[in-house]
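Open the structure and keep the sequence beside it.

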Amino acid sequence: MKKIAIFLLIIIAIVSTISYLYLTNVSNYRNAQKENQKFEMYIDKEITGTEITTLANKAIDWNEQNQVGKDNKGKYIDNGENSLNIDIRFVDNDVTYNIEKIYDNGMNTFLSYYKDIKFKCSEVQYHNKTNKIKYMLFEQITQ
């Protein structure tokens with residue numbers, strides 16, 4: 001009788017552990033989807049320079065809230081969990097700039113030149129560990 005009780009307790013412990021791990025995984029996945037919605041709304045959509053400034057502010061706030069570190073050039077470091085980097089490729093001079101560089105040079109300057117110019121997200125990458133967005137590339141599509 002004692003062996004049966006121990007066996008049942010082990011079975012209950014295994015089922016409980018598996019259930020806990022599964023529910024935690026589902027919760028993390030839903031949390032990642034919810035957080036990604038803030039940025040996924042820009043995928044496959046033409047947006048203006050004004051919306052790029054809004055996106056830049058969201059991304060910088062996101063990285064600051066998650067205490068993402070910066071490298072010596074001022075670019076946010078990929079921490080493998082919740083960092084977000086955004087690059088913008090300009091066709092005017094065929095150069096790609098990180099959003100932090102544009103932010104540091106002044107969003108008003110960016111707006112004065114690119115306010116009504118259209119951009120489109122051409123690449124998105126996700127963190128393997130958390131499935132949160134880690135990188136977005138926007139390309140200028142009008143001049």
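Buried means under 20% relative accessible area, exposed means over 50%, and partly exposed lies in between. Take Glu139: its relative accessible area is 25%, so Glu139 is partly exposed. Keep in mind that this model is predicted.

Glu139 has a partner. It forms a salt bridge with Arg89, and the closest N and O atoms are 2.3 Å apart.

How many salt bridges does the structure hold? It holds four. Another one joins Glu35 and Lys132, with the closest N and O atoms 2.8 Å apart. Glu35 lies in helix 1 and Lys132 in the loop between strand 4 and strand 5, so this bridge ties together parts that are 97 residues apart in sequence. Is Glu35 buried or exposed? Its relative accessible area is 17%, so Glu35 is buried. Lys132 has 14% and counts as buried.

Lys129 and Glu81 also meet in a salt bridge, at 3.0 Å from N to O. Lys129 is in the loop between strand 4 and strand 5, while Glu81 is in the loop between helix 2 and strand 2. The two are 48 residues apart. Lys129 is exposed at 63%, and Glu81 is partly exposed at 34%.

Now turn to the nonpolar side chains. In soluble globular proteins, such side chains tend to be buried together. Here the largest nonpolar core has 23 residues, and Phe119 and Phe138 touch the most other members. Helix 2 gives the largest share, five residues.

Follow Phe119 next. Its relative accessible area is 0%, so Phe119 is buried. Phe119 forms an edge-to-face aromatic pair with Phe90, 6.1 Å centre to centre, with 85° between the planes. Phe90 lies in strand 2 and Phe119 in strand 4, so the pair ties together parts that are 29 residues apart in sequence. Phe90 is buried as well, at 3%. Ring pairs link both into a cluster with Tyr97, Phe110 and Tyr114.

The count of aromatic pairs comes to eight. One of them is Phe39 with Trp62, edge-to-face, at 6.1 Å and 75°. This pair links helix 1 to helix 2, across 23 residues. Phe39 and Trp62 are both buried.

Key:
Residues numbered from 1 in each chain as written. Predicted model: local features only at pLDDT ≥ 70, side-chain atom pairs only at ≥ 80, totals over all residues. Heavy atoms only, no water. Core = buried A, V, L, I, M, F, W, Y, C linked by side-chain atoms within 4.5 Å. Buried < 20%, exposed > 50% of the residue type's maximum accessible area, 1.4 Å probe, protein only. Helix = DSSP H or I, 4+ residues; strand = E, 2+ residues; numbered from the N terminus. Phe/Tyr/Trp six-rings, centres within 6.5 Å; stacked < 30°, edge-to-face > 60°. Salt bridge = Lys/Arg side-chain N within 4 Å of Asp/Glu carboxyl O.
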